[in-house]
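Here's a quick briefing to read with the model open beside you. Have a look at the structure first, then work through the points below.

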Protein chains: 2
Amino acid sequence: MIDEKNQEIHLANRPEGMPSEKDFEFKNTEIPTPNEGDVLIRTLYLSVDPYMRGRMNDTKSYIPPFALNEVIAGGIVAEVVESKSEDFTKGDVVTGNLAWAKYSLANEKAIRKIDPAVAPISTHLGILGMPGLTAYFGLLDIGKPKEGETVVVSGASGAVGSTVGQIAKLKGAKVVGIAGSAEKINYLIDELRFDAAVNYKDENFKENLAAALPNGVDVYYENVGGTVSDEVMKHLNNKSRIPVCGAISAYNLETPDIGPRVQGLLIKNSTLMQGFTIGDYTEDFPIAAKELGEWLASGKLQYEETIVEGFENTIDAFLGLFAGTNLGKQIVKVADPMYAKLS
Amino acid sequence: MIDEKNQEIHLANRPEGMPSEKDFEFKNTEIPTPNEGDVLIRTLYLSVDPYMRGRMNDTKSYIPPFALNEVIAGGIVAEVVESKSEDFTKGDVVTGNLAWAKYSLANEKAIRKIDPAVAPISTHLGILGMPGLTAYFGLLDIGKPKEGETVVVSGASGAVGSTVGQIAKLKGAKVVGIAGSAEKINYLIDELRFDAAVNYKDENFKENLAAALPNGVDVYYENVGGTVSDEVMKHLNNKSRIPVCGAISAYNLETPDIGPRVQGLLIKNSTLMQGFTIGDYTEDFPIAAKELGEWLASGKLQYEETIVEGFENTIDAFLGLFAGTNLGKQIVKVADPMYAKLS
């Protein structure tokens, strides 16, 4: 066994508004010993995602809240250190929704083996993982973009948004991205070849958005909510579709999220607005993962990762999501592999 | 020819907020003479509908605005006085979207013959007309209620709402109506056999609504918008559906319609919210009209009409919609037939 101590991140307080370091506790613990059917895993990469903010509140939602003074769980890529399962052996690389910890136990049913030869293992937290699937299902099952239509995506340079825009381009749509910095706008135009990209922090956002939408909006893939969304919705076309994936602008509000009611716009344009989570699509994961993998392998999909080094920087990385410091998928690199062979 | 003068209602001003008599002009005109392909009709019943308020504004929508100083058009049941069409003869009863006038010309393609033997001719402005179709398509195509589910309908005692609730009952759903007077609540419970009905003007509305929804809301058929809608949406179930038909609370607002943004609720519950107008369903009108007619004939559907007598009372009847003075379909009876045989 490795003679290292373990460390876990626990939820110490339910944050009010924007979380801060004091809402989390880095707890030193022993490295646990696996029982029959479990494996001991060592975290290599850890995912921080905006939706996790919701689980820090004590409110009923599509997934239960995190428990106070217990370890937080999220997307993890790890190596198997010790296996009490016939399905896994030491050195396997696995992924699952697992503890924010350097070491943890995982039941054999809670993890899935990944093949390091196919793509960098961190992509299973991004374009080949939950964010990629979220982009895929929301856009294709709800948004249903047709060739020549205009697709607008907010949070466009993030893990989900950048994938949405690229898939929409693959389907022949015109794609307009909304993001919050000149660097992000350049990335969307120069690297991802979006048809237009608009900075919502620019004082002429309203005019710039209108100029980017000469043919209105057929699909609005919603990641941010708030006033950005209000503005996009002024341009909806008849029979437009709005997959509602996220509303990051509202996750840390301490007052109610108030804005124009949407009923009138929805009637006027016969618009469909549909919330979803990837839990609605579990049966179709294999099909989507296969197609995303093929697009990635053939160079039709690109991705960007913002990688923070060190488990101790996890909270900073998480909070950075709300400040928009990430380009593409925000990941924390926890450790280099000791047992896994990555190539 | 009849030696009577004609009268039309013109839009004199674009109303700001709640319309008033001064926004309309009763204009004395000559009875027109039909050209080839036209018929001269004499209005028997005229429909006033909430959606018409939107057409009084100068804003682009799913139907163009009414022109200033021109005659207003809406649902009409009329008799043919003189025909220059091979398809119609004097005494036929017809319906169409026609002038708010005692007499008017209608092109043969703009009207449809109705059979007075099947149901009272006024029902073609209500349960067998646009409101009935609106109820039918919104509920069945978007709401898709399943047996045992809970359907909430606002504006429940109106022409659309009362039909929505009854169709939902026919589909085996539990139906909860929201309306604005004790008389309406009694009507929903005693006559239409809704499972529950809640008065939104009651100071305990919030608690009463919660008590009526022990199993949450699977379908919310939206007719009113505003704070009533905000309250219903707190009870949405997973995979709930919201056909958005109307938002009468907002039609006369002079300030923006502001309230809680819906994105968070839609995501949390994977809820679908879809605006529509019956124009989206023109191809399926015959199927729906047939089924509505069968339900009506077999006593499975009931309807109520509030009939105001006299063309001169049209504006009062229209404004009454926003005060909620109508039970069921609000109609203006303009004249008794002179040429048509009704039975």
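Predicted model: local features only at pLDDT ≥ 70, side-chain atom pairs only at ≥ 80, totals over all residues.

A few ground rules: residues count from 1 along each chain as its sequence is written, while chains are lettered from A and ligands numbered from 1 in the order written. Local features need pLDDT of at least 70, side-chain atom pairs count only at pLDDT 80 or more, totals for chains, interfaces and linings use all residues, and side-chain values use heavy atoms, leaving out hydrogens and water.

**Strands and a helix in chain A**

- Helices (H or I, at least four residues) and strands (E, at least two) are DSSP runs, numbered from the N terminus.
- Strand β8 (residues 150-154) of chain A pairs with β11 (residues 217-221) of chain A in the parallel sense over three bridges (pairing takes at least two DSSP bridges).
- In that pair, A:Val152 stands opposite A:Tyr220 of β11(A).
- Axes are lines fitted to C-alpha atoms, for helices over the stretch in contact, and angles run from 0 to 180 degrees between N-to-C directions.

**Two crossing helices in chain A**

- The axes of α2 (residues 130-143) and α8 (residues 285-297) of chain A come within 10 Å and cross at roughly 105°.
- α2(A) and α8(A) are therefore roughly perpendicular (65 to 115 degrees).
- Contact (heavy atoms within 4.5 Å) involves residues including A:Tyr136 and A:Phe137 of α2(A) and A:Leu292 and A:Trp295 of α8(A).

- Four bridges join β9 (residues 174-179) of chain B to β10(B), and the two run parallel.
- B:Ile178 stands opposite B:Val198 in β10(B).
- Both faces of β10(B) are covered: B:Ala196 and B:Val198 on one side, and B:Ala197 and B:Asn199 on the other, are all buried (under 20% relative accessible area, 1.4 Å probe, protein chains only).

**A buried serine**

- B:Ser229 lies in helix α6 (residues 226-233) of chain B and counts as buried at 0% relative accessibility.
- Setting aside neighbours within four places in sequence, B:Ser229 contacts A:Gln263, B:Tyr220 and B:Glu222.

Definitions and conventions: Parallel < 35°, antiparallel > 145°, perpendicular 65-115°, else oblique. Buried < 20%, exposed > 50% of the residue type's maximum accessible area, 1.4 Å probe, protein only.
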